[in-house]
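This report concerns the charged side chains of the model and the contacts between them. The sequence and structure are shown first.

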Amino acid sequence: MDYPIGVQTFEKIIRGHNFYIDKTDLVYELAKGNYFFLSRPRRFGKSLLISTLKAYFLGQKELFEGLKISSLEKDWETYPVLHIDLNPRKYTDESSLLEQLNIFFEEWEKLYGDEYKNRAPEERFYQIIKKAYEKTGKQVVILIDEYDKPLTSTIDNDALNDKFREDLRALYGVLKSRDAYIRFALLTGVTKFSKVSVFSDLNQLNDISLSERFQAICGITDEEIDAYCKEPIEKLAKKFNVDYACMRERLRKKYDGYHFCKNGIGIYNPFSLIMAFYNRDLGDYWFETATTELLIKLLKNSNFSMEKLSGGVLTEQQLRGKMDFRTNPLPILYQTGYLTITNYDETFEEYTLGFPNEEVKTGFLQALAPAYIQVNRDVSAFDYNDFVKDLYRGNIDQFMKRLQSLFANLDYEIMGGKERDFHNTLQVIFMLLSTRMRVERHTSDGRMDVEVETNDYVAIFELKIDKSADEALKQIEEKNYAAPFALSGKKIYKIGVNFSSKTRGIKEYKIVEVLN
């Protein structure tokens, strides 16, 4: 089977007889409408969707033979298509956006006339749409891929970001003023910004990002895996010496778990899944360092609580991006794909967020750890693997010594002596551990208790600030935290830990071992 690694063009995939999951029935449904916006994480198939729509509106019927749409579409009309892709360029100065737009404008002006080539970008676009309609006699189709790339590229440069925002708002506003000449328009991207929205003049856009009807228009569903992916899963199962059902479950835990509407179906990351099939290995394929660096900066600057990475709550308006991500990074973490919808509360109309799968959780936490677990320059680099292995293997005392040493050498700027800093650092540590073992964390009223369970033992941590290790152990006893594990047959370790806000470190800890 040929996999379209790096190929995002529908025509090239079809003519090359590459692996392709047929979503043309959804394309047909979408094409019945007029103006749409779709937000999805990167590498989720947005460019392929745009390319498929382009082939459809160009009337390339031969490319769709045997696909679902071939039994639905009867007319196959041809329209002039204006396709803008803002993804390829790095937007480092004010001229870069115009340079990227010129690639498309100059091509279209050769076809439809260049009398307005010296005008502002929005004026040129305005005239191109009109002239394309007049020359062909058909309404125009407008497809804009990664509409927000200039904005996401300059998110830490306010002046340039504001300039691009104003330029794009003027450009996209043309779609409203030229409505009479437009048959269909789709804008795709990762984010939907709230500050002086680029869509403020384009209120006819139908945002289908949280639409149940189109939740699977990008990505791969369980149903599609069963229909299209039996052969590569069998090959993976054979390589790892497991049965088909076991390999299906491993793929599900690794790459599934995205939800794009309330009570929606699970969606697999298509890029990672196809790479796993191609390489015959369950690797971490989706991650991108540059993106995480930006998000981590936002997390730290907003004084974000790490607890919200698993269980943060947003309204639908917030989820769609109608708030400033600088004060609450949760919406942009969702839109970029690092978090997804894990629950929906009908009563309060709120969405709960969490990590979608193992690939994202492990990758993001490993990228996050250095920002929150950063030792002084004169101390050797902290070894996360040894740290995790100690706890995994039951070396509790050695784990606590490493933890104590870690806090003794953390940078002052990171700790700052604040309770949230203690909690955030600990949250990152225990979330990192949870990628290898089961970890439950509970926080309230200035305390934090953690349960770690492996195949051989259970460790119950009670963490206090400016009190004592004995008080922490006393709470474990009084609250009877060990009761659920009394019949497990496993060793139980009770660990009381006291932090000092003055020294910004672990003042003392005590370990009590209980044999069942």
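In this predicted model, Glu453 and Lys490 are both buried. The two side chains form a salt bridge, with their closest N and O atoms 2.9 Å apart. Glu453 belongs to strand E12 (residues 447–453), whereas Lys490 sits in the loop between helix H20 (469–478) and strand E14 (491–500), so this pair ties together parts that are 37 residues apart in sequence.

Another salt bridge joins the side chains of Lys163 and Asp167, at 2.6 Å from N to O. Both residues lie in helix H7 (residues 158–177), where they are four residues apart; they are therefore separated by about one helical turn. Lys163 is partly exposed, because its relative accessibility is 30%. Asp167 also counts as partly exposed, with a relative accessible area of 28%.

A further salt bridge links Glu29 with Lys32, at 3.2 Å from N to O. Glu29 has a relative accessibility of 26% and so counts as partly exposed. Lys32, at 51%, counts as exposed, the cut-off for that class being over 50%.

| Salt bridge | N to O distance |
|---|---|
| Glu453 and Lys490 | 2.9 Å |
| Lys163 and Asp167 | 2.6 Å |
| Glu29 and Lys32 | 3.2 Å |

Salt bridges also occur as a network, which links Asp222, Asp226, Arg248, Glu249 and Arg252. Over the whole structure, the search finds 31 salt bridges.

How values were computed:
Residues are numbered from 1 along each chain as its sequence is written. This is a predicted model: local features need pLDDT of at least 70, side-chain atom pairs count only at pLDDT 80 or more; totals for chains, interfaces and linings use all residues. Side-chain values use heavy atoms; hydrogens and water are left out. A salt bridge is a side-chain nitrogen of Lys or Arg within 4 Å of a carboxyl oxygen of Asp or Glu. Buried means under 20% relative accessible area, exposed over 50%, partly exposed in between (1.4 Å probe, protein chains only). Helices (H or I, at least four residues) and strands (E, at least two) are DSSP runs, numbered from the N terminus.
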